[in-house]
Amino acid sequence: MLGALGALICVLAAWGALPMADHMTHRVLFRVDAVPWSQWWGPFQMPAPMNAWGVRPFSVLLLKCYSSLYGPTHIPPVWLLMAKSIVSMGLFALASACWLRAVGLGRWTVPVMFSTTLLAPSLFTSWYLPELDNLGAAALLWGAAQLHKDGPLPRRGVWVIAALLFGGFLKESSGLIAVGLFSA
């Protein structure tokens, strides 16, 4: 089953890893490039027409690392887009299955593992470099699954907390889900 999932993810990653970037990729990279290294963890103002403040420290950090290597105008390398797609789709699919098993819906594990890779939002966030929602969702799903398990948390607690914090501080969308999870 995992071999078939891996094959599907590799095919989808290859299909979406094109040697091109849309205008939003460069817009985000320019915005992140302008954030000083000393302020990667803090809020930043988004450009018009949003004119809102964003808080996504781990996204800023990851994209600043990319921008420092390649620059904000460089088209992302195909190998990097493929690797990002494989990792983000794979982790999202496996974390979804892990969460379903943890909450007692194990019979849905296989269809969900496969369907998460085929959903349009999952493909979008996997194929575009600055989109990291699948990684945030994977971290939160896996962390929530670990919290749901019986047994002593201290043994796995550091990894669970790290996953939940990573998901919570990756993007605002996963941050809102993390607030709800922590509140519950």
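Student: Let's start with Phe124: which helix is its place in?
Tutor: Bear in mind that this is a predicted model, where local features need pLDDT of at least 70, side-chain atom pairs count only at pLDDT 80 or more, and totals for chains, interfaces and linings use all residues. Residues are numbered from 1 along each chain as its sequence is written, and side-chain values use heavy atoms, with hydrogens and water left out. Helices are DSSP runs (H or I, at least four residues), strands are too (E, at least two), and both are numbered from the N terminus. Phe124 sits within residues 120-127, which is helix H6.

Student: Why does Phe124 count as partly exposed?
Tutor: Buried means under 20% relative accessible area, exposed means over 50%, and partly exposed is in between, with a 1.4 Å probe and protein chains only. Phe124 lands in that middle class because its relative accessibility is 40%.

Student: And Ser122, buried or exposed?
Tutor: Ser122 also has its place in helix H6. Its relative accessible area is 3%, so Ser122 is buried.

Student: Which residues is Ser122 in contact with, leaving aside neighbours within four places in sequence?
Tutor: Contact means heavy atoms within 4.5 Å. With the sequence neighbours set aside, the list for Ser122 is Met89, Phe92, Thr116, Thr117 and Asn134.

Student: Which helices do the buried residues of H6 pack against?
Tutor: Those buried residues are Ser122, Leu123, Thr125 and Ser126. They pack against helix H1 (2-16), H4, helix H5 (109-118) and helix H7 (133-148).

Student: Over to Met82: what does it touch, not counting residues up to four places away in sequence?
Tutor: Met82 belongs to helix H4 and, at 26% relative accessibility, counts as partly exposed. Its C-alpha is 7.8 Å from that of Trp127, 45 residues away in sequence. As for what Met82 touches, you'll find Cys10, Ala13, Ala14 and Ala17.

Student: Zooming out, what order do the elements run in from the N terminus on?
Tutor: The chain has 9 helices and 2 strands. From the N terminus on, they run α-α-β-β-α-α-α-α-α-α-α.

Student: What is the radius of gyration of the chain?
Tutor: The globule rule is 2.2 Å times the number of residues to the power 0.38, and the radius is taken over C-alpha atoms. For 184 residues the rule gives 16 Å, and the chain's value is close to it, so the chain is as compact as a globular protein of that length. The C-alpha trace spans about 45 × 35 × 30 Å along its principal axes. The radius of gyration itself is 17 Å.

Student: What percentage of contacts between residues at least 6 apart in sequence join residues at least 24 apart?
Tutor: For background, 41% of the 184 residues count as buried. Among contacts at that separation of at least 6, those joining residues at least 24 apart come to 67%.
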